[in-house]
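Hi,

Here is the structure I promised to pass on. Please open it alongside this email; my notes follow below.

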Amino acid sequence: MRNPDAVIVGGGVIGCATAYFLAAERGMRSVIVERDAVASGASGGSAGELGAVGRHRFSAAFTRFLLEGIRLHMETAEALTAEAGMDYLLSDIPILRPALTEEEAEELQEQMGWQRELGVEVEWLDADAARAVGSWLAPDALGAAYTMEKQLEGATFAVALAQACERRGVEIRTAEANGVLREGGRACGVTLADGGSVTAGAVLVANGPWSQQAGEWLGMEVPVIPLRGQIVHLAPPPGVPMPTHSIFHRTGYVLPKAGGDLLAGTTEERAGFAPYPTPEAQLGIMEAVARFAPQVLDAPIQSQTACLRPYSLDEMPILGAVPGTDGLHLATGHGYKGITLSLITGKRMAQLIAEGTTHESIAEFSPARFAPGR
Ligand SMILES: Cc1cc2nc3c(=O)[nH]c(=O)nc-3n(C[C@H](O)[C@H](O)[C@H](O)COP(=O)(O)OP(=O)(O)OC[C@H]3O[C@@H](n4cnc5c(N)ncnc54)[C@H](O)[C@@H]3O)c2cc1C
């Protein structure tokens, strides 16, 4: 391969989506440097829900970006599935966000106000209407906010993206990056832990929570921490059909996947770089979920997974050019929403790398906010 146009550190959904759009829309060739395996991080262990609504109140810019991200998933799915030769089961899922107390009902209805203003379609269901939709919902739920959202199979999606990249000529190299090569104030590649290097026209660092450690190579602080999330994988109780809806409460969620898995989640743990499941988390998740979906107590546990969200300390992704070095870019900090935002991030980062222009939808997420005076 002649010198590639870009080298991308990280083979999660963010790195792969950028390589995909560089190839598909810009005709540019890239090398992804991944030290483990594609989808080995949070990209392979997510719940795969595509949502703009959360228990966290995101900024207006972030919510608009999420909605844009969901639209792009819908526009891209057919072509991506065909190119990858893998169906990652993008499908509709009704979601109930129940109130178990009057206080929660007020909070949810207040949230619905600003969510609607930002273009989220959300409706309040009273107790009877909520139970008519949600057969697994606790009988004492007072009502629920209702949305129709999208979901996909997270790990399959991540692998499909990588597969589509390879079919378009992207090289995925197993190696660990440990620095950025510079020449005349411009990034021209990365150095590797095995002593080698990859030279390229531009560099993108998209290595999830480990971007914190890449701050040294970038010459700026990257305030991203690993926020561990665990998921308990269940089967429906014997003789009970899979629920046809998901329930998200402030304490947890239960999510039936189109592929047959039933997920109960999750945790938000500041436990360092330790992507390991724990018995305490399993207990905590099952207790929380049982409060709003008591049927989970009869659901046999199949397995448990843990992985690390790249959590940005101001809860916004960090996307754009790194101040001070031409051709150096960063895409990280997607937190709870990296699957939802993967394709739109890839498309916008590909534009930035190809044209040098920042699309307005990512302007607020610039790394420059953490590099004052540069
Ligand atoms: C339990 C859980 C559930 C989730 N559910 C959802 C959901 O329903 N919807 C949603 O939108 N989001 C969800 N997320 C969030 C989403 O999974 C993440 O935001 C997203 O996967 C982050 O992708 P990434 O590519 O930035 O990072 P990662 O997937 O972490 O990929 C980074 C990659 O970089 C590699 N790497 C690191 N350092 C180096 C180096 N020096 N050299 C080479 N390679 C390196 C790693 O091996 C890794 O493969 C969930 C997360 C968790 C933990």
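Where does Thr266 lie? Thr266 sits in the loop between strand 15 (262-265) and helix 8 (279-292). I start there for its backbone. The peptide bond from Gly265 to Thr266 is cis, with omega near -10°. Keep in mind throughout that this is a predicted model.

Most peptide bonds are trans, and most residues other than glycine have a negative phi. Ala39 has a positive phi of about 65°. Its place is in the loop between strand 2 and helix 2. Ala39 is buried, with 24 other C-beta atoms within 10 Å. Glu315 also has a positive phi, near 65°. Glu315 is found in the loop between strand 16 and strand 17 (318-321). With 15 other C-beta atoms within 10 Å, Glu315 is partly exposed.

Domains

The domain assignment gives domain 1 (6-47 + 156-223 + 314-370) and domain 2 (91-151 + 225-312). Their centres, taken over C-alpha atoms, are 31 Å apart. In the contact between them, 20 residues of domain 1 meet 13 residues of domain 2. On the domain 1 side, helix 2 and helix 7 each supply at least two residues. That side has eight nonpolar, ten polar and two charged residues.

Ligand

The ligand is surrounded by 41 residues. The closest are Gly12, Gly41, Gly208, Gly229 and Gly338. By class, the shell divides into 14 nonpolar, 20 polar and seven charged residues. At least two shell residues come from each of helix 1 (13-26), strand 2 (30-34), helix 2 (42-45), strand 12 and strand 16. Domain 1 and domain 2 both give residues to this shell, so the ligand lies between them.

Helices

Helix 3 (residues 60-84) and helix 9 (residues 342-355) are worth a look as a pair. Their axes come within 7 Å and cross at roughly 95°. The two helices are therefore roughly perpendicular to each other. Helix 3 makes the contact with Phe65, Glu68, Gly69, Leu72, His73 and Thr76, and helix 9 with Leu343, Ile344 and Lys347. By class, this contact has four nonpolar, three polar and two charged residues.

Helix 7 (residues 211-218) has Ser211, Gln212, Ala214, Trp217 and Leu218 as its buried residues. Their cover includes strand 8 (177-183), strand 11 (202-205), strand 12 (224-234), strand 16 (301-312) and strand 18 (328-332).

Two single residues

Leu227 has its place in strand 12. Leu227 counts as buried, with 20 C-beta neighbours inside 10 Å. Not counting residues up to four places away in sequence, Leu227 touches Glu268, Glu269, Arg270, Leu308, Arg309 and Tyr311. From Leu227 to Ala47 is 180 residues in sequence and 15 Å in space, C-alpha to C-alpha.

Ser366 lies in the segment after helix 9. Ser366 has 17 C-beta neighbours inside 10 Å and so counts as partly exposed. Ser366 and Gly320 are 46 residues apart in sequence, yet 5.1 Å apart in space, C-alpha to C-alpha.

Best wishes

Methods
Residues numbered from 1 in each chain as written. Predicted model: local features only at pLDDT ≥ 70, side-chain atom pairs only at ≥ 80, totals over all residues. Axes fitted to C-alpha atoms, helices over the stretch in contact; angles between N-to-C directions. Helix = DSSP H or I, 4+ residues; strand = E, 2+ residues; numbered from the N terminus. Parallel < 35°, antiparallel > 145°, perpendicular 65-115°, else oblique. Contact = placed C-beta atoms within 7 Å. Nonpolar A, V, L, I, M, F, W, Y, C, P; charged D, E, K, R; others polar. Buried ≥ 20, exposed ≤ 12 C-beta atoms within 10 Å, placed from the backbone. Near = placed C-beta within 6 Å. Domains from an automatic or database assignment.
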